[in-house]
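Hi everyone, and thanks for coming. Please have a look at the sequence and the structure on the screen, and then I will walk you through a few places in it.

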Amino acid sequence: MDAAARRAGFSGEIAVARGGRIVFARGYGVADRTSGRPIALDTAFNLASMGKMFTGVAAAQLVQAGKLRFRDPIGKYLPQLPARLRSITVAELLDHTSGLGDFFSDPAFARLRPTLTTLAAYLPLVTRERLEFEPGARWSYSNSGFLLAGLVVEKASGERYEDYVARHIWKPTGMSHSGCYARSRLPTFAAVGYLADGSANTASLPPVGTSAGGCYSSARDLIAFAHALETGRLLSRSLTKVITTPKARAPAGGYGFGFGIRNGRPGDPPTIWHNGGAPGAAGELDINPRLGVVVVTLGNVGPPQVFPVVDATLNALRVP
């Protein structure tokens with residue numbers, strides 16, 4: 001792992017837990033190059049798309065509470081959407097089979113970026129998308145779909161997305177270093193992300209995290225999240241199984257509702273996982289219930305500097 005970190009130019013935190021107890025943790029580099037602040041277990045990193053796991057859990061909690069159904073058309077909650085989008089189901093948003101694409105690729109994204117401080121502010125980017133295929137026909141990763149999933153969570157719960165996940169996921173799990181922080185007002189325990197040229201990534205990202213990604217968490221918090229998920233503290237065990245069971249074929253295996261499911265060699269126990277990558281941010285959470293291992297790798301540099309370290313760590317632990 002040390003060798004992989006040196007070769008890649010990794011800056012971040014690696015932590016491993018068994019049975020909810022941290023058995024290994026190591027920080028590399030610094031959280032803030034200006035102050036020299038070191039990286040630690042409680043350093044919060046931009047999760048990029050790893051945050052989709054929180055959206056999957058939030059939706060399932062609302063299903064458990066009787067406020068939402070996976071098979072519901074999203075027009076039931078978002079009637080302001082164009083007719084061509086209203087028949088997409090909640091499930092199709094959560095398993096990436098909606099046919100929607102990626103609002104980041106819209107030419108207007110850069111112009112609108114300073115105004116994207118709420119989920120509703122993204123709607124002009126999402127509603128003008130053309131569906132790439134009939135909903136449910138196949139799998140295609142979609143940030144736009146998860147943006148709408150967050151709006152469904154807001155409508156069904158009556159709470160802003162970031163307030164809902166803070167109250168129903170982070171607080172009961174003891175995740176005290178997690179939040180959808182404003183880029184301009186990061187807490188002192190958050191890592192600054194760095195681009196390849198050494199500059200901070202603040203101006204290259206949306207102003208605040210969303211249901212599609214970009215919120216912050218620490219290695220310690222994500223281990224607590226994984227343990228709470230595995231032990232049924234966030235959801236009933238039956239619903240936990242629902243969201244972590246493949247619904248569609250996807251790269252490396254399948255995708256459930258906000259979680260990837262990775263298969264190794266025949267006979268290997270599957271790994272529940274999600275990664276994320278953005279300019280100056282990348283990471284991955286890997287949960288293998290049968291091996292009893294949880295691995296968190298978080299970086300405040302780009303994906304090319306982080307994912308080789310993820311691979312080295314998983315290989316060292318023989319996690320599929």
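**A short tour**

Let's start with C180, which counts as buried because its relative accessibility is 13%; buried means under 20% relative accessible area, exposed over 50%, and partly exposed in between, with a 1.4 Å probe and protein chains only. Before we go on, a word on the source: this is a predicted model, where local features need pLDDT of at least 70, side-chain atom pairs count only at pLDDT 80 or more, and totals for chains, interfaces and linings use all residues. Residues are numbered from 1 along each chain as its sequence is written, and side-chain values use heavy atoms, with hydrogens and water left out.

So, what does C180 pair with? Its partner in a disulfide is C215, with the two sulfur atoms 2.0 Å apart; a disulfide here is a pair of cysteine sulfur atoms within 2.5 Å. Searching the whole structure turns up 1 disulfide. The link between C180 and C215 is right-handed, with 80° about the S-S bond. Both C180 and C215 lie in the loop between helix 8 (161–173) and strand 6 (216–218), so the pair ties together parts that are 35 residues apart in sequence. Helices (H or I, at least four residues) and strands (E, at least two) are DSSP runs, numbered from the N terminus. C215 is buried as well, with a relative accessible area of 4%.

Is S176 buried or exposed? S176 is exposed, at 53% relative accessible area. Its side chain makes a polar contact of 3.0 Å with the side chain of H177. A polar contact is a pair of N or O atoms within 3.5 Å; within protein, one must be able to donate a hydrogen and the other to accept it, and residues adjacent in sequence count only if both atoms are side-chain atoms. Setting aside neighbours within four places in sequence, S176 is in contact with F189 and D221, where contact means heavy atoms within 4.5 Å.

That brings us to D221, which sits in helix 9. Helix 9 covers residues 219–230, 12 residues in total, and reaches 17 Å from its first C-alpha to its last, close to the 16 Å expected at 1.5 Å a residue; the expected span is 1.5 Å times one less than the number of residues. Several of its residues are buried, including L222, I223 and F225. D221 touches G174, M175, S176, H177 and S178, not counting residues up to four places away in sequence. Just after helix 9, G232 takes a positive phi of about 75°.

Next stop, S49, in the loop between strand 5 (44–46) and helix 2 (52–64). S49 counts as buried because its relative accessibility is 13%. The side chains of S49 and Y141 are joined by a polar contact of 3.0 Å. Beyond four places in sequence, S49 touches several residues, among them N143, A212 and H274.

And finally, F257. Where is F257? F257 lies in the loop between strand 8 (253–255) and strand 9 (260–262), and is buried at 4% relative accessible area. Beyond four places in sequence, its contacts include G56, F70, L94 and V242. F257 and V242 are 15 residues apart along the chain, and their C-alpha atoms are separated by 7.8 Å.
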